[in-house]
Amino acid sequence: QLAPRQPSLFACSVSPKDSQEDLFWSPSGEQLLCEASTVLKCVQEDSGQRGIYGKLVCTDFKIAFLGDDEAALNSDETQFKNKVIGENDITLPCVDQIYGVFDEKKKALCGQLKKYPEKLIIHCKDLRVFHFCLRYTKEEEVKRIVSGIIHHTQTPKLLKRLFLFSYATAAQNSTATDPKSHTVMFDTLKDWCWELERTRGHTKYKVVSVNEGYTVCERLPAYFVVPNPLSEEDVPRFQGHGIPIWCWSCHNGCALLKMSALPKEQDDGVLQIQKSFLDGIYRTIHRPPYEIVKTEDLSSNFLSLQEIQTAYSKFKQLFLIVMSVENNLMSFLFLLLSDNSTEFWDTDIKWFSLLESSSWLDIIRRCLKKAIEVTECLEAQHMNILLLGNIFKSQKETASDLCCLLSSLVQVMLDPHYRTRVGFQSLIQKEWIMGGHCFLDRCNHLRQSDKEEVPVFLLFLDCVWQLVHQHPPAFEFTETYLTVLSDSLYIPIFSTFFFNSPHQKYMNMGRESQDAQNQSLNLLTVWDWSVQFAPKAQMLFTNPLYVEKPKLDKGQQKGTHCKHQRQLSLPLTQSKSSPKRGFFREETDHLIKNLLGKRISKLINSSDELQDNFREFYDSWHSKPPDYHGLLLPHIEGPEIRVWAQRYLRWIPEAQILGGGQVATMNKLLEMMEEVQSLQEKIDERYHSQQGLQTEAASMLRSSSARLSSLFPFALLQRHSSKPVLPISGWKALGDEEDLAKQEDEFVDLGDV
């Protein structure tokens with residue numbers, strides 16, 4: 001029924017009414033599966049009579065709506081336009097839920113249908129909501145398009161059936177772009193050695209290649225870093241379990257490590273062998289008084305995947321409700337014009353209580369608090385931190401996900417390199433891609449288990465956004481960059497977020513065709529942003545207010561290096577008295593029991609002492625002016641954790657503040673910066689080329705000032721709007737007032753609303 005049709009690699013967009021064989025912009029290898037003409041894309045939820053007519057198509061890459069006035073719409077160029085995904089396109093992995101309207105009743109659609117809906121509603125994972133009226137579409141076309149969309153978005157599929165592989169095969173001979181864009185991919189021995197040198201961890205740690213070909217453990221990367229005293233023969237002994245794996249080194253010589261616990265054993269003989277093995281391993285990272293290790297067991301006393309999943313499910317429903325209110329604009333204005341508008345405002349007040357009850361913001365706060373606790377141990381107490389859990393096996397294990405999340409947040413707080421765009425991308429490669437985060441399962445790309453779908457990576461990006469929002473000068477990238485990165489999770493032409501581990505990607509890199517001579521597929525990485533955005537659009541990824549680190553001369557660099565070496569040669573815990581010898585023997589036994597799956601009490605410090613140290617460390621840092629190139633801590637008090645408005649509210653016009661919000665502040669600052677730069681250029685012509693980036697960013701904002709809003713640049717995509725049908729008296733009442741569009745807007749920061 002769904003006969004495929006192969007379009008050309010890139011075909012021009014034309015009006016659907018011209019021909020049934022018309023083509024549209026499409027990536028290599030995209031095949032048309034089904035289509036329906038005379039479909040009405042609704043502007044308002046309650047009125048199927050208002051909207052845009054066109055053709056609804058489903059390919060093996062996306063669902064797309066091609067309006068009859070598509071050419072006119074394309075002439076209205078936006079400065080921030082995705083070259084792969086249009087505003088009326090939905091990639092198949094981005095589809096969240098599909099609903100049908102039967103006799104004014106909304107019902108979730110799945111499987112084969114006996115009756116087909118008169119209206120199709122598609123909820124997307126980026127929180128867009130599309131309404132398509134099918135009343136004027138031929139019955140056969142309705143059956144094909146509805147059945148096709150349900151089948152290709154809701155039915156479980158095989159990995160090799162993802163569009164990722166079709167695109168890689170078809171685009172194999174196309175002109176290649178720079179895939180890495182200076183991002184360290186951590187897929188070679190050289191990359192890990194470079195990172196060790198950069199963090200000065202090479203004096204205590206080494207790169208091993210025992211897992212080349214993934215012969216030791218499928219969940220480990222081909223190359224990773226372990227302590228110097230550890231023999232390479234010990235790594236494969238328990239398939240990588242029980243081995244401390246290096247994540248990052250602090251300037252004071254301490255390190256952030258992770259370890260996968262050994263499997264539980266009932267046999268006393270095997271248990272004794274494991275205990276002896278772990279005793280030797282522990283001595284390589286715990287050598288008091290010079291090195292002390294503290295464990296963080298992420299499998300207990302922290303978040304669970306179920307908590308994250310439940311919280312986000314409630315959280316996103318709030319914005320879908322708002323979308324419904326926005327679509328039902330006629331009812332919205334009726335409430336405002338009527339004498340009895342109490343119901344509307346009660347709902348508005350209730351929305352904030354529902355936001356709090358979702359617990360999503362509280363989960364963000366808990367993640368940031370835990371990261372600060374780990375940072376305090378590394379920075380203030382000079383301890384090695386060992387993140388403990390089953391980080392290699394079973395997608396059901398919470399510790400694997402939280403280890404990626406926590407280690408990444410700690411490094412963003414401690415290392416300014418990871419607050420640059422290239423550094424942040426390298427961090428994601430190291431901790432998430434090579435760290436074996438199960439993107440395929442957590443994003444549910446194969447539709448095999450809704451229970452496994454948990455937005456852990458989105459939670460990480462939301463935590464980073466809190467830092468970006470609170471400390472803008474510390475980050476080279478903007479919130480727009482983070483928003484686009486979250487959208488890229490669901491674009492199946494990039495391999496970055498479509499595998500569970502490096503081993504899974506390695507095993508699926510070959511071609512299936514016999515005439516391909518076993519050539520490996522050329523899978524794109526998301527870090528090549530030129531695939532999605534033009535250079536001018538990419539300017540919005542760079543923060544013009546970013547404070548670059550001043551370059552030190554050779555004498556200063558040498559002095560800093562010597563100071564670091566002296567720190568490594570001194571005891572790291574001089575402020576505390578050395579514990580008794582027997583204490584560490586006892587703590588070693590505790591750690592071993594913990595690694596063997598036994599429950600124990602907190603190691604080294606009591607919970608009360610940890611709280612006191614945390615509060616003192618936290619308050620002390622916030623009492624001083626921040627060093628944007630040093631340690632960076634977020635505010636975690638209740639009002640400071642906010643909703644990421646650009647990510648979650650960008651499709652809701654009512655949430656926009658025309659001429660206001662942070663973008664208005666940014667615009668004014670850029671204007672001032674441009675004046676300063678102009679004066680500086682008159683003083684010294686050499687600065688002209690260096691300041692071009694900020695000048696262009698300012699000109700981009702000013703050229704859009706007439707359409708600027710707090711949700712820029714995504715607000716520019718909201719072009720299709722129409723006035724709701726209201727009684728003449730209602731419009732007269734509105735007309736008697738001064739034109740609101742001509743009034744001066746009061747400046748309001750969206751973050752304070």
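Which residue in S6 does glycine 100 stand opposite? Lysine 107 of S6 is the residue opposite glycine 100. The legends below describe close-up views of a predicted model.

**View 1. Strand S5 and the strands paired with it.** Strand S5 covers residues 95-102, and seven of its eight residues are buried, so the strand is largely enclosed by the rest of the structure. Strand S6 (residues 105-108) runs antiparallel to S5, and four bridges join the two. S5 and S6 form a hairpin with two residues between them. In this turn, aspartate 103 has a positive phi of about 50°. S5 also pairs with strand S7 (residues 119-124), in the antiparallel sense and over six bridges. Within that pairing, tyrosine 99 has isoleucine 121 of S7 as its bridge partner.

**View 2. Helix H2 and its buried residues.** Helix H2 spans residues 139-154, 16 residues in total. From the first C-alpha to the last, H2 reaches 22 Å, close to the 22 Å expected at 1.5 Å a residue. The buried residues of H2 are Glu141, Val142, Ile145, Val146, Gly148, Ile149, Ile150, His152 and Thr153.

**View 3. Serine 426 in helix H11.** Serine 426 is found in helix H11, which covers residues 421-433. The relative accessible area of serine 426 is 3%, so this residue is buried, the cut-off being under 20%. Leaving out residues up to four places away in sequence, serine 426 touches Thr183, Val184 and Phe186.

**View 4. The contact of H11 with H13.** The axes of H11 and helix H13 (residues 456-470) come within 14 Å and cross at roughly 145°. The crossing of H11 past H13 is right-handed. On the H11 side, Phe424, Ile428 and Trp432 take part, and they meet Val456, Phe457, Phe460, Leu461 and Val464 in H13. The residues of this contact divide into eight nonpolar, no polar and no charged.

**View 5. Isoleucine 636 in a loop between two helices.** Isoleucine 636 is found in the loop between helix H19 (607-622) and helix H20 (645-649). Its relative accessibility is 10%, so isoleucine 636 counts as buried. Not counting residues up to four places away in sequence, isoleucine 636 touches Arg365, Leu368, Lys369, Ile372, Phe614, Tyr618 and Ile641. Isoleucine 636 and cysteine 367 are 269 residues apart in sequence, while their C-alpha atoms are 9.9 Å apart in space.

Methods:
Residues are numbered from 1 along each chain as its sequence is written. This is a predicted model: local features need pLDDT of at least 70, side-chain atom pairs count only at pLDDT 80 or more; totals for chains, interfaces and linings use all residues. Side-chain values use heavy atoms; hydrogens and water are left out. Buried means under 20% relative accessible area, exposed over 50%, partly exposed in between (1.4 Å probe, protein chains only). Two strands pair if DSSP finds at least two bridges between them. Contact means heavy atoms within 4.5 Å. The expected span of a helix is 1.5 Å times one less than its number of residues. Axes are lines fitted to C-alpha atoms, for helices over the stretch in contact, and angles run from 0 to 180 degrees between N-to-C directions. A crossing is left-handed if the near helix is turned anticlockwise from the far one by less than a right angle, and right-handed if clockwise. Ala, Val, Leu, Ile, Met, Phe, Trp, Tyr, Cys and Pro count as nonpolar, Asp, Glu, Lys and Arg as charged, and the others, Gly among them, as polar.
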